[in-house]
Every structure is written in structure tokens, then in C-alpha cells.
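Open the model in your viewer and keep the selection tool at hand. The stops below say what to select next and what is there.

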Amino acid sequence: MAATANPGASGMDGKPRTSPKSVKFLFGGLAGMGATVFVQPLDLVKNRMQLSGEGAKTREYKTSFHALTSILKAEGLRGIYTGLSAGLLRQATYTTTRLGIYTVLFERLTGADGTPPGFLLKALIGMTAGATGAFVGTPAEVALIRMTADGRLPADQRRGYKNVFNALIRIAREEGIPTLWRGCIPTMARAVVVNAAQLASYSQSKQFLLDSGYFSDNILCHFCASMISGLVTTAASMPVDIVKTRIQNMRMIDGKPEYKNGLDVLVKVVRYEGFFSLWKGFTPYYARLGPHTVLTFIFLEQMNKAYKRLFLSG
């Protein structure tokens, strides 16, 4: 009976026992949702700065601190958490799929002797997981962008979504179901860039830190690896992210969309706002992505360790 209730640390093939796939997906989503609760205000600031000065060189916000203080003055403390429900749903869909698929593929491609996949293979795994997760999470992403952008508009132009479910229902009813997947291509492209950088660089950074002999597999190691991963991801993904944000927030003008496609966004941003506007909001982007990366992986690592200790220890 003991063997049935508490299986050994190794399976029949000699490999260490791991948690079921469903648990991996669940932990991935919970880790992302837990991190979102802490970084939602930074996500809102990032989105506002990426939309500020749209179509002109004059920006609404000079710095991320200016953006934060302006939002607090105009919308209050509650205002900086606008779109939290959409952020949580995005993590429940996008992050659950992304981290779940990444973990499963990573373990399948790990050698029988425990040798992890090489760097390029890690990147490929990350891109596959990211693109799949992005497709699943695009409706929540559209709702999040619109909800966080609403406060910068005049009162008569605001969409006024009450929560993420109200947003999804209204978008489908007023603009058609396909609108829920508006910007799906740039969203998936961003996810490919983000996950190739984030997941692969996290695994690689963690492995490098452990091999250095100065770190053990603990929270400090996870923190340092996550900060490195977040920096790499920020630098690589910002131009793609601003394309995604602009397309998902755009309105129809005289029956025509503001932007034709992602390339049109890039051209207009460079022409009217300057080349370096593609990296507009670098500080809040990293301030959001860095801590979110750190918190997600810390929560994920701790849940995995707790599960192994409680259910898989021999």
C-alpha cells in the first residue's frame, strides 16, 4: 500500500519521476497569475507609454515615473490596477499553455542520463511553446490592452469595459468574434521572440550559474537567472511588442483600420515618432517584465519543489 500511495523517486525506465502534465500546466498558470498581481501597475504604465504620442512626436508622458504619477492623480490608486482581471485571464491561458508545453518538451528532450537540451534546442522549444500560448491567449491580450488604454481617452471615447468577461462579450457582439484574435500574428511573433529569449536564456543562465560553483539551486540562483533572462527579453522584444499593442488597441476610422498590418505600424512609428520610439517605454517594460519573470519562475520552482517533496519523494 505504501508503494502505491507514495511512489518511488524513479520510474520503470530509471528516469526521475516528475509531476503529471496537468500539474505542470496548472503550476505554470498559477505562477504567472501570482506574478501578475504584483506587476499589473507596471504593465499598465508600459501600455500607456507605448500608446502615448501615437501618430505624433509629442509624448503624453516624459518618463515612466511621470506616467505613474499622472495616472494616480487622474484615476486614483484603483486606476493603476485597471485591467487586472484581463491580466489574470491572460496568464491563465497564455502562461499555462506556454510553460506547460515548454516543461513537457524540455523533459522529453532531456537525455536518459539527465543531460539537458542544448541552447538552440531550448530556444526552439521556447518559440514553439510561446507561439501556441499566444494564440490561445490573444482574446485576453486584446481585452487587456483596451482596458489599460481606456483611462487615457476622453470620457466620451472610452470603451468602459467592466471586466475581462464583459470586454470579451462586447468585443464579440459589437465587432465580431474574429476581432478577439486581432493582432494574433504580431502577438505570436512577439511570443516567439519573448520565449526564445526568456525561457531559453533562463534555463541557460541558471545552468551557467550552477556550473560556476558559486550558486546552489535556490531562490538566489532563480532570482539572478530570471533578471538576466528578463533583460535579454526586453531588449529583443520591444519593437514587436509596440506593434502588437498598437494593432490591438486601434479603432476603425471611416470604416478603415488605423493600421494595415504590423509593418505599417513600424513604418508609421519610425516616420512620425522617431526610430527609437520602437523602444518607447523601455524602463516600464523591463520594470514589468523583469519582476514578472523573476516572480513567475520563483513561484514555479517553489510549487514544483513542494509537489516533489509531498508526492514524489521516495
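The residues lining the second largest pocket divide into four nonpolar, six polar and six charged. Here Ala, Val, Leu, Ile, Met, Phe, Trp, Tyr, Cys and Pro count as nonpolar, Asp, Glu, Lys and Arg as charged, and the others, Gly among them, as polar. The volume of this second largest pocket is about 380 Å³. Select T82, G83, M147, Y161 and K162: of the 16 lining residues, these are the closest to its centre. Helices α3 (64-79) and α4 each supply at least two residues of this lining, and α3 gives the most, with three residues.

This is a predicted model, in which local features need pLDDT of at least 70 and side-chain atom pairs count only at pLDDT 80 or more, while totals for chains, interfaces and linings use all residues. Residues are numbered from 1 along each chain as its sequence is written, and side-chain values use heavy atoms, with hydrogens and water left out.

Some terms are needed for the stops that follow. Pockets and cavities are found on a 1 Å grid over the protein atoms alone: a cavity is a set of points where a 1.4 Å probe fits but cannot get out, a pocket is an open set with protein on both sides within 12 Å along at least five of seven lines, and lining residues have an atom within 4 Å of a point. A volume is the space filled by probe spheres set on the points, which are joined across faces, edges and corners. Helices (H or I, at least four residues) and strands (E, at least two) are DSSP runs, numbered from the N terminus.

**Stop: G79**

Select G79, which lies in helix α3. Is G79 buried or exposed? G79 is buried, with a relative accessible area of 5%; buried means under 20%, exposed over 50%, and partly exposed in between (1.4 Å probe, protein chains only).

**Stop: helix α4**

Select residues 84-108. At 1.5 Å a residue, the 25 residues of α4 should span 36 Å, and the end C-alpha atoms are 35 Å apart, which agrees. The expected span is 1.5 Å times one less than the number of residues. Now centre on T95, where α4 bends by about 30°; the bend is the angle between axes fitted to the seven residues ending there and the seven starting there.

**Stop: the largest pocket**

The largest pocket has a volume of about 1,200 Å³. Select T103, F106, E107, T110 and K308, the closest to its centre of the 35 residues that line this pocket. The elements giving two or more residues to the lining are α2, α4, α7 and α10, with α4 giving the most, eight residues. The lining divides into twelve nonpolar, eleven polar and twelve charged residues.

**Stop: the cavities**

How many cavities of 30 Å³ or more does a search of the whole structure find? The search finds four. The largest cavity has a volume of about 120 Å³. Helices α4, α7 (184-212) and α10 (282-312) each supply at least two lining residues, and the largest share, five residues, comes from α4. This lining has three nonpolar, four polar and five charged residues.

The second largest cavity has a volume of about 50 Å³. Its lining includes D43, K46, N47, R90, E141, D241 and K244. Elements that give two or more residues here are α2 (21-51), α5 (119-149) and α8 (219-249). By class, the lining holds two nonpolar residues, one polar and eight charged.

Stay with N47, which is in helix α2. N47 counts as buried at 1% relative accessibility. Its side chain is joined to that of K46 by a polar contact of 2.9 Å. A polar contact is a pair of N or O atoms within 3.5 Å; within protein, one must be able to donate a hydrogen and the other to accept it, and residues adjacent in sequence count only if both atoms are side-chain atoms.

Select P239 in helix α8. P239 counts as buried at 15% relative accessibility. The C-alpha atom of P239 is separated by 4.9 Å from that of L278, 39 residues apart along the chain.

Then select K260, in the loop between β2 (256-257) and α9 (262-273). K260 counts as exposed, at 76% relative accessibility. The C-alpha atoms of K260 and I247 are separated by 8.8 Å, and the two residues are 13 apart along the chain.
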